[in-house]
Amino acid sequence: MRLLFIFTLLFTSLHINVAFAQLSSSITNPELAIELQPEFPRPGEIVTANLNDYSGGTYGANVNWALDGQQIPEASNQRSTKVTAGAVGVTQKIEVVLDTPQGGKVVLTKNITPVYLDIVVEPQTRVPNFYLGRALPSVGSTVNATALVSSDGFMNPDLVYTWRLNQKVLNGGPIRGLNQVSFTTPMGTEMSLHLQVTDLQGNVIAKRSVSIPSVSPKIRFYEINQLFGTSHRPISDSVALIGNSITVQAEPFNLDSRVYNDPDISEWKINGSSSGNIGGSPYEVTLQRVGVSGTSRLLFHVRDTKQVLQGANEGIQINF
Amino acid sequence: MKRPIFIIIGIVIVFILLLVWVYMLFFNTPQNNDETFADLDIGDTTDTNYDGISIDNNNEESVVDFSSPERLRQLTTKPIIGFTEFSENASSTPQIMYAEAGTGHVYSIDTVSGEEVRISAVTIPSSQAAEITPDGKFMMVRSGEGIASKFIIQTLNATSGEASNQEINESILNFSASEENKFLLAVKTNNATVGKVYDPINNSFQTLFTIPFRDATIDWGYSVNDSHYAYPKTTSQLESFLFEIKGNKTTRLPIDGYGMSAVGDEQMVIYSKQSNLKYETFIYNKESGSVNFSGIVTIPEKCQFSRNTPELAICAQSFVDLGPDIPDSWYAGDLSFADSLWEVSTLSPTKLLVDTEEDSGREIDIINIELGKDDANIYFVNKNDNTLWLYERTQEVTTIE
């Protein structure tokens, strides 16, 4: 028993010693380096270069900054300086020379090679054809994202892409050449998509994070003219039935395209009474004037019964 | 003949008419809908015998008052879907050709006499968008919307009034007529947008470029070899990035942002974007790389560059505070403007040409600006009703002695 106790004590103290040794090493030998902010700048972007020296080993040293061999006089004896990133794909060398009072000299360098890393987000949700803008994601809908690494034109396919949505790595990890990814919009009003692009040797070329909104589908109503097509101005709250009939189109903006094409519920109601679908588009209704003048409330409801947030319910007043 | 015979004949005629009326009223009940409603032949019909195209030879003419001293004038009362100013030769009077919405009928207006003549009476049902080549010989029309869209090339003959149609089977996002009298097309594929040139004479396609995203907006140059600009369709809630395409080269320009949209020519790019909850407009000088405020705040789709003067652009702007959801709310039609026309130049300060609401008393939400020969005329469409308008930038002064 005593032998076992001594053995355990020795084993534990050995591990503690190793841990202390590592801690002491990291304290006594901190990284003396140039840190860039942003880390992977775009062309023409202002970059702040900071001198990180936590040890104080360069206390009292003369600090001289240079960009591509040209001294930056205004940054003399400063711990940081600002430079403008150059043209796309062109490498700039930022250098800091530390002349210590003891006569020592430390030279640190860092390369800046700006590239554009753009993430094109293409939500697979519905917007009308005349709408010039892009659709937005809604809960449960699919989003396609494409990474475009631009140097002189689009970059070669021999790059490794690591995609992460919020805290979840997509596709199980880094994949060579996979600059496109699809994912389902999670719950919440916003999601973060992170991307890291590396070369085949594992050197990071660029990183990017984008915040993507998730919105609720919204219905707008547009009048359809049999000759001229759909009006491009929505019916705000009410519409006057001037002739004998009017055709109204419900446009559920940002509704999942799959739900739009095959909705579980698509229902028109006039003054609370359901209007049976008589074929044709479920998003169109033709109203005919009958009887005396008055007003009616026209409602449209579209929804997916499996993902109930994929839906919308809206109404307008018809004056006749 | 004697008077009594005339009276008897008259009474007989009146009696016969009364009998016909009584018969129509009580015995001639319509048996089906075809007898109840007249066939106006306006497309979207369920009649399987209807071939979608008909020729109407009623060649009516009207006259636009070009002698009016007003520099701002409405050229059409009917909605249009496309137009161009063209001259048969350098010395001939410019004509404005336009295509009518819904029917695709083509008309021309003489800019001196104001006479309007119908050039094509071939109906293309549900015509929604059109582009006419600068020589006035070909027109491309989008009929219908969405997946039901059809793209038709119509060959126009102003002399004979005849026209022939040919359908293009491509999934076309947008199109434009080029100075070479060809059509520039953006075609959607599974994961990219392909730019193509279509030659209507040879019925041939040539691929210009491929950009690796589908929801693309293309700002076409005037000619095939000009710079074209592409960006992911814009929204105030997602970032867009501008690419310049010239020849075989696609270059990422230092222009991006939320709600970013842009138009450009060979010298400059006008772009707007949301910046700190403010919508702002900038001019990017391609040669120097400099970026400056444009002097006005506008949606770039309301701007057009001059063909003749590369540093000149005409923009429409409204004196309203543009909020954080611009341009989405304008695209959806929630927001409409009463615009003024401005000259934007890299060489001189931005200059107001006309406040269209003050001059016309109408709210004109200006889109599709085009400059005519020598930049003398500015044509545009009112988004509110799709009517065609003209502003004489340089007005000819007639001296009366």
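## Overview of the two chains

Of the 320 residues in chain A, 41% are buried, where buried means under 20% relative accessible area, exposed over 50%, and partly exposed in between (1.4 Å probe, protein chains only). This is a predicted model, in which local features need pLDDT of at least 70, side-chain atom pairs count only at pLDDT 80 or more, and totals for chains, interfaces and linings use all residues. Residues are numbered from 1 along each chain as its sequence is written, chains are lettered from A and ligands numbered from 1 in the order in which they are written, and side-chain values use heavy atoms, with hydrogens and water left out.

Chain A contains 2 helices and 25 strands. Helices (H or I, at least four residues) and strands (E, at least two) are DSSP runs, numbered from the N terminus. In chain B there are 4 helices and 28 strands, and buried residues make up 52% of its 401 residues.

## Contacts and surface

A contact means heavy atoms within 4.5 Å. In chain A, 62% of the contacts with a separation of 6 or more are between residues 24 or more positions apart. In chain B, 44% of the contacts between residues at least 6 apart in sequence join residues at least 24 apart.

Accessible areas come from the Shrake-Rupley method with a 1.4 Å probe; for residues, only the protein chains shown count as cover. The accessible surface of chain A is about 17300 Å², and carbon and sulfur atoms hold 52% of it. For chain B the value is about 19700 Å², with 51% belonging to carbon and sulfur atoms.

## Strands of chain A

Two strands pair if DSSP finds at least two bridges between them. One open sheet of chain A has 4 strands in the order β4-β3-β6-β7, with antiparallel pairing. Strands β4 (70-71) and β7 (105-112) stand at its edges with a single partner strand each, so one side of each is left without a neighbour in the sheet. Strand β3 (residues 62-67) is joined to β4(A) by 2 bridges in the antiparallel sense, and A:A66 stands opposite A:Q71.

Elsewhere in chain A, strand β17 (residues 218-225) runs antiparallel to strand β20 (residues 245-253), with 7 bridges between them; here A:F221 has A:A250 as its bridge partner. Strand β17(A) is also joined by 2 bridges to the antiparallel strand β18 (residues 229-230). These two strands form a hairpin with 3 residues between them, and A:I224 is partnered by A:T230.

Strand β19 (residues 238-240) of chain A includes A:A240. This residue counts as partly exposed because its relative accessibility is 45%. The C-alpha atoms of A:A240 and A:N171 are separated by 53 Å, and the two residues lie 69 residues apart along the chain.

## An enclosed strand in chain B

In strand β28 (residues 387-392) of chain B, 6 of the 6 residues are buried, so the strand is largely enclosed by the rest of the structure. B:T387, B:W389 and B:Y391 point one way from the strand, while B:L388, B:L390 and B:E392 point the other way.

Strand β28(B) pairs in the antiparallel sense with strand β2 (residues 72-74) of chain B over 3 bridges, and B:L72 has B:Y391 as its bridge partner. Strand β27 (residues 377-382) of chain B also pairs with β28(B) in the antiparallel sense, over 6 bridges, with B:N382 opposite B:T387. In the hairpin of β27(B) and β28(B), there are 4 residues between the strands, and B:N386 takes a positive phi near 60 degrees.

## A nonpolar patch on chain B

Helix α1 (residues 3-26) of chain B includes B:I8, which counts as exposed because its relative accessibility is 52%. Together with B:V12, B:I16, B:V20, B:Y23 and B:M24, B:I8 forms a nonpolar patch on the surface with about 570 Å² of accessible area. Patches are made of residues with over 30% relative accessible area and no salt bridge: like charges are joined within 9 Å, and nonpolar side chains (Val, Leu, Ile, Met, Phe, Trp, Tyr) within 5 Å.

## The interface between the chains

The contact takes 39 residues from chain A and 40 residues from chain B. About 3500 Å² is buried between the chains, with carbon and sulfur atoms giving 53%; buried area is the accessible area (1.4 Å probe) that two parts lose on being put together, summed over both. A:L132, A:R134 and A:L227 supply 19% of the area that chain A buries against chain B, more than any other three residues.

The interface has 5 salt bridges, each a side-chain nitrogen of Lys or Arg within 4 Å of a carboxyl oxygen of Asp or Glu. One salt bridge joins the side chains of B:E239 and A:R208 (2.8 Å, N to O).
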